[in-house]
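Visitor: Could you walk me through this model, beginning with the whole chain and then turning to its sheets and helices?

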Amino acid sequence: MNIPQANPLASYQENAAAIDAAIARVLAGGRYLLGPETEAFEAEFAAWAGARECVSAGSGTEALHLALRACGVGPGDEVITVSHTAVATVSAVELCGARPVLVDIEPGSMNMDPARLDGARTARTRAVVPVHLYGQAADLAPVVEFCRRHGLRLVEDCTQAHGALYEGKAVGTFGDAAAFSFYPTKNLGALGDGGAATTGDPALGETMRALRQYGWRGRRYVSEDAGWNGRMDELQAAVLRVKLRTLDADNDRRRAIAVQYAQTLVGLRGISLPTEQPGRRSVWHQYVVRCANGTRDAVAAGLLAGGVQTLVHYPVPIHLQPAYAARGLSAGPMTETERAAAEVLSLPIFPQLAPEAVARVCEVLARFQKSGGCSEM
Ligand SMILES: Cc1ncc(COP(=O)(O)O)c(C=O)c1O
């Protein structure tokens with residue numbers, strides 16, 4: 001039995017009849033962009049997310065870009081975010097012509113360390129982008145407070161955290177706007193690229209809608225803003241409407257898998273397990289263990305030899321990536337970020353992963369550890 005780390009095909013297969021019917025409806029309907037499926041999806045996703053407005057976009061990167069641009073982020077501005085994230089968080093800032101300023105993470109949640117914000121702020125700081133990595137909310141209360149105190153915009157990167165809660169409230173509802181990704185392996189995944197920006201501010205919603213379509217507001221072919229093409233298509237909207245129906249149940253299945261991993265792997269030598277921080281409810285986009293003392297790659301190889309695929313999210317922090325290293329984007333030491341990059345390992349997790357498969361992953365991992373695969377630990 002080979003166990004993939006993620007499995008978008010299983011998600012399609014589980015919903016195949018409804019998805020095939022939705023696709024056929026779009027094909028026969030003749031509207032392929034910004035039609036009835038997009039309109040319905042935006043209303044349904046806004047209701048699900050507890051947001052007033054939802055503006056679908058071509059990807060999560062595009063949604064972040066739209067949100068930041070609508071918040072007025074542009075050339076000369078700085079945006080504070082983390083280095084331990086997907087490169088897309090930082091590229092969205094750069095698409096605005098702004099400069100990313102990267103801070104370290106706290107080791108418990110591996111999310112933005114709010115204690116680093118003061119040291120990263122300058123007269124040019126315009127916005128803060130906390131990333132809710134792996135499905136768990138960043139520590140939002142101090143970030144919200146920091147933004148209020150200094151008059152900064154807050155845009156949440158929710159691309160890995162559809163449905164995560166912070167103090168009982170859904171992520172994506174704490175700032176000016178939020179971005180979601182519908183990349184196929186995300187908690188809500190399309191059959192291709194897709195994303196959405198949400199906001200509680202109708203004016204921001206209107207601006208994002210304009211920017212995503214060449215800056216048109218009222219009239220077609222009349223650009224009132226300097227926009228571009230950031231649209232998602234009708235086929236993806238139709239597919240996402242089917243998948244949205246089971247998103248909460250799918251998140252519950254991810255939570256059950258996380259519980260099974262935690263119960264089975266507890267106490268395994270050399271492996272630290274992820275924890276939910278107090279007051280937070282994770283939707284377990286990833287189940288990320290940490291392997292001590294430089295053993296991560298050996299553990300990954302041991303699992304692969306046993307038929308278990310893993311991934312590393314992310315092996316190279318942004319401030320050390322070849323494309324960014326020379327720019328000096330970090331605001332202060334990156335000790336926890338660099339430690340995380342060396343230790344993290346994402347085990348298989350997706351709603352269709354059966355308990356027997358989770359048990360098998362644990363068995364292969366335990367056998368490898370006990371056989372001395374990591375004898376230096
Ligand atoms: C943290 C983070 N931010 C942004 C993105 C960008 O989303 P997309 O791939 O849909 O552009 C991703 C997706 O990989 C992500 O994981």
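What follows is a short exchange of questions and answers about this predicted model.

Visitor: How many helices and strands does the secondary structure of the protein chain come to?
Guide: Since this is a predicted model, local features are taken only where pLDDT is at least 70. The protein chain has 377 residues, of which 51% count as buried. Its secondary structure comes to 13 helices and 13 strands.

Visitor: What radius of gyration does the protein chain have, and what would a compact globule have?
Guide: Taken along the principal axes, the C-alpha atoms of the protein chain fill a box of roughly 70 × 55 × 35 Å. For 377 residues a compact globule would have a radius of gyration near 21 Å, and the protein chain agrees with this because its own value is 21 Å.

Visitor: Which strands stand at the edges of the open sheet of seven strands?
Guide: The order in this sheet is β1-β9-β8-β5-β4-β2-β3, with mixed pairing. The strands at its two ends each have a single partner strand, so one side of each is left without a neighbour in the sheet; these edge strands are β1 (53-57) and β3 (99-103). From one strand to the next, the twist averages 25 degrees.

Visitor: Which residue of β8 is the bridge partner of Asp157?
Guide: Strand β5 (residues 153-157) and strand β8 (residues 177-181) run parallel and are joined by three bridges. Within this pairing, the bridge partner of Asp157 is Ala179.

Visitor: What is the handedness of the β-α-β unit made by β4, helix α7 and β5?
Guide: On one side, β4 (residues 125-128) is joined by three bridges to strand β2 (residues 78-82), the two running parallel, and Val79 stands opposite Ala127 in β4. Two bridges join β4 to β5, which also run parallel, and here Val128 stands opposite Leu154. With helix α7 (residues 140-150), β4 and β5 make a β-α-β unit that is right-handed.

Visitor: At what angle to β1 does helix α3 run?
Guide: Helix α3 (residues 36-49) lies across two strands, β1 and β9 (195-199). Relative to β1, helix α3 runs at about 130 degrees.

Visitor: Which residue of β13 stands opposite Val289?
Guide: A separate description applies to an open sheet of three strands, ordered β10-β12-β13 with antiparallel pairing. Here β10 (271-272) and β13 (344-347) stand at the edges with a single partner strand each, so one side of each is left without a neighbour in the sheet. Strand β12 (residues 287-291) pairs with β13 over four bridges, and the residue opposite Val289 is Leu345.

Visitor: How many of the 11 residues of helix α9 are buried, and what covers them?
Guide: A residue counts as buried if 20 or more other C-beta atoms lie within 10 Å of its own. In helix α9 (residues 234-244) the buried residues include Leu235, Val239 and Lys243, and what covers the buried residues includes α2 (16-29), α3, β1 and α10 (247-265). The helix is mostly covered, and the number of buried residues is eight.

Visitor: How wide an arc do the buried residues of α12 cover around the axis?
Guide: In helix α12 (residues 335-343), the buried residues are Thr337, Ala340 and Glu343. They lie on the same side of α12, because the arc they cover around the axis is only 140 degrees.

Visitor: What covers those buried residues of α12?
Guide: The question concerns Thr337, Ala340 and Glu343. Among the elements that cover them are β12, α11 (296-305) and β13.

Conventions:
Residues are numbered from 1 along each chain as its sequence is written. This is a predicted model: local features need pLDDT of at least 70, side-chain atom pairs count only at pLDDT 80 or more; totals for chains, interfaces and linings use all residues. Two strands pair if DSSP finds at least two bridges between them. Axes are lines fitted to C-alpha atoms, for helices over the stretch in contact, and angles run from 0 to 180 degrees between N-to-C directions. Two residues are in contact if their C-beta atoms, placed from the backbone, lie within 7 Å. A crossover is right-handed if, with the strands pointing away from the viewer, the path from the first strand over the helix to the second runs clockwise. The radius of gyration is taken over C-alpha atoms; the globule rule is 2.2 Å times the number of residues to the power 0.38. A residue is buried if 20 or more other C-beta atoms lie within 10 Å of its own, exposed if 12 or fewer, and partly exposed in between; C-beta atoms are placed from the backbone. The arc is that of the directions from the helix axis to the C-beta atoms.
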